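Colleague: Before I use these labels, I would like to hear what stands behind each of them. Please give the value and the cut-off together.

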Amino acid sequence: MKADYLNKFQGTLISVAIGDTLGHPFEGRLRSDIYSRFNKFEEFIQNNKSLFTTYTDDTQLTIHTAEALIQGGGFNFNNFIREYVKWLDDPPIGPGYGCLSSIQKLKYGIPWEKAASNSGGNGTAMRVAPIGLFYCKDLEDLKINAIRSSIITHSHPAASAGAVVIARAIAYLIERGSEMHFSIEDFFNVLISFISGSDMEIWEEFIEILKKIRRNLDLSVEAGLIKFSQVGVKSPYFIEQFLGKAFVHPYTLSTVACAIFIFLKKMKSSFKESIFELSTAGGDSDTIGAIGGSLVGAYYGLNKIPEDLIKLVKNYKKILQLAESLYEKFKEKY
Ligand SMILES: [Mg+2]
């Protein structure tokens, strides 16, 4: 069966926004605290609509990434910098330090090589979905441009690794979605081989983390989150009070690990169950919702996403239109 690219482009981008919107009220909360607030998340959303009125920086920057790709018909440093600087006027909602500090420097004309922060935060994996979509047929370009899109704000290799893995996963899921054969083993092999042989210590560490996820897929979501919430986080950055708890650290490797873990645990159930589980992960819940949302959206496509969840998203028509414009540019090029 051939992939329906427009359906996948729209499904992926709107799912970033759905996961981000649903996770936003739970950013910085323990998973156990989140789950103490409801029996059924769906009812909680219905009864507390005022909590779910906006997405955050994750979707804002994903939108700007898509805009930059559309303008250039692909990656171009100047377009990306201009779009990310525009984000400062959105204004940013719940931004991370790495993004904000570097983009403020870009605004004042400091070259990206000097403006980029040394942050290994998840700020680049959370905005990379349009690159995974646009370059899904050219994997060398996908890798190069996922890295370029990352290093203009984050010079740390963990940030590049996370962006590359998520972009590659999206490209994979476009071709192997819910209606096609999907093998977890193959999924891991593809991701691992894509980041192998880089000579970068953190990329090698990421490979070990991916293997660890593969070995632990029989854990419950809660137990897996306790295991992976701060995986790869080094002293002095781990958060002592949340060690051994389900509270996803905003470091790229831990966030991407948890997003992939939940996605693989829930993807066969339904879009709704997957996105609910992602956005209530605990800790950096909105970003888990956004990154995991990009995976589950690429897996299912727009036509499997419930309308009430699409309409929950602020500016959902604009996001669907943007995905269509990105698809048009993709079609022109490939
Ligand atoms: Mg956010």
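Colleague: Where is Ile 226 placed?

Modeller: Ile 226 is in helix α13. Helices (H or I, at least four residues) and strands (E, at least two) are DSSP runs, numbered from the N terminus. The model is a predicted one: local features need pLDDT of at least 70, side-chain atom pairs count only at pLDDT 80 or more, and totals for chains, interfaces and linings use all residues. Residue numbers start from 1 along each chain as its sequence is written.

Colleague: Why is Ile 226 called partly exposed?

Modeller: A residue is buried if 20 or more other C-beta atoms lie within 10 Å of its own, exposed if 12 or fewer, and partly exposed in between, with C-beta atoms placed from the backbone. Ile 226 has 19 other C-beta atoms within 10 Å, so it is partly exposed.

Colleague: What does Ile 226 touch, not counting residues up to four places away in sequence?

Modeller: Ile 226 touches Gly 244, Lys 245 and Ala 246; contact requires that the C-beta atoms of two residues, placed from the backbone, lie within 7 Å. From Ile 226 to Cys 258 the C-alpha distance is 9.6 Å, at 32 residues apart in sequence.

Colleague: Which residues is Cys 258 in contact with, leaving aside neighbours within four places in sequence?

Modeller: Cys 258 is in contact with Leu 225, Phe 228, Ser 229, Val 248, Ala 281 and Ile 288. Cys 258 is also among the residues with the most contacts inside the largest nonpolar core, which has 104 residues.

Colleague: What makes a set of residues a nonpolar core?

Modeller: The set consists of buried Ala, Val, Leu, Ile, Met, Phe, Trp, Tyr and Cys residues joined through C-beta atoms within 7 Å. In the largest one, the residues with the most contacts include Ile 166, Ala 167 and Ile 170. Helix α10 (residues 157–175) gives the most to this core, with 14 residues.

Colleague: How do you know that the span of α12 agrees with its length?

Modeller: The expected span is 1.5 Å times one less than the number of residues. For the 15 residues of α12 (residues 201–215) that gives 21 Å, and the end C-alpha atoms are 21 Å apart, so the two agree.

Colleague: Why are the buried residues of α12 said to line one face?

Modeller: The arc is that of the directions from the helix axis to the C-beta atoms. The buried residues of α12 are Ile 202, Trp 203, Phe 206, Ile 207, Leu 210 and Ile 213. They fall within an arc of 155°, so they line one face of the helix. The face turned away from the buried side carries the exposed residues Glu 201, Glu 208, Lys 211 and Arg 215. The cover over the buried residues of α12 includes α10, α11 (184–194), α13 (221–228) and α14 (252–266).

Colleague: What is the count of helices and strands in the protein chain?

Modeller: The protein chain has 18 helices and 0 strands.

Colleague: Why is the chain called as compact as a globular protein of that length?

Modeller: The radius of gyration is taken over C-alpha atoms, and the globule rule is 2.2 Å times the number of residues to the power 0.38. For 334 residues the rule gives 20 Å and the chain has 18 Å, which is close, so the chain is as compact as a globular protein of that length. Buried residues make up 54% of the 334 residues.
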